[in-house]
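This report is an introduction for someone meeting the structure for the first time.

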Amino acid sequence: MSDCTKCRGAGVNRREFLATSSALAITAVLAACGSDSEEGSSMTGPRNVNATVTLANYAALGTVGGIAVISGAGTPIAVVRASATQYRAFSLICPHAGTTVSISGAGFRCSNHGATFNGSGAWTGGERTTGLFEFTVASNTTAGTITITS
Ligand code: FES
């Protein structure tokens, strides 16, 4: 039985209390990790994105290495022109705590805690986190468009 005068008579000893508390804490952590509602998570990312982008509307995508924030996708997305024929699309939702990251040089920077990401979406510095969520991109060279899906 507990030595604590406040716990005496409650029917819970110190060992039982610690075991129950630990189980509850583990359950809470597992519930948080199992959540797939965190937009921008590198594990799940934004859902139901299906956006077609006309490349000519974004001058920055006219050159390799160019980055443009696209509009109309329902979630902040940046498109990177990775090569003459390849485009990549990343969620601009910071995987650390959900702030919208901005274009910074050839990559991205989060103004909230300073995480930085390169043009491939990989974390490069600042607050430690994962890389930016990458969408699937399909090109239609005839139409001059790309379609971004999650
Ligand atoms: S929310 Fe982006 S670094 Fe913390």
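## An aromatic pair and an open sheet

Phe133 counts as buried, because its relative accessibility is 11%, under the 20% limit that is used for buried residues. The model is a predicted one, and it holds 2 aromatic pairs. In one of them, the ring centres of Phe133 and Phe135 lie 5.1 Å apart and the ring planes stand at 85°, so the pair is edge-to-face. Phe135 is likewise buried, with a relative accessible area of 4%.

An open sheet of 6 strands runs in the order β1-β10-β9-β4-β3-β2, and its pairing is antiparallel. Because β1 and β2 (67–70) stand at the edges, each with a single partner strand, one side of each is left without a neighbour in the sheet. On average, and with direction ignored, neighbouring strands of this sheet are turned by 25° against each other.

Two of the pairings are set out here.

| Strands | Sense | Bridges | Residues facing each other |
|---|---|---|---|
| β1 (residues 50–54) and β10 (residues 145–149) | antiparallel | 5 bridges | Ala51 and Ile148 |

Strand β1 has a covered face, made up of Ala51 and Val53, while Asn50, Thr52 and Thr54 belong to the uncovered one.

Notes
Residues numbered from 1 in each chain as written. Predicted model: local features only at pLDDT ≥ 70, side-chain atom pairs only at ≥ 80, totals over all residues. Heavy atoms only, no water. Buried < 20%, exposed > 50% of the residue type's maximum accessible area, 1.4 Å probe, protein only. Helix = DSSP H or I, 4+ residues; strand = E, 2+ residues; numbered from the N terminus. Pairing = 2+ DSSP bridges. Axes fitted to C-alpha atoms, helices over the stretch in contact; angles between N-to-C directions. Phe/Tyr/Trp six-rings, centres within 6.5 Å; stacked < 30°, edge-to-face > 60°.
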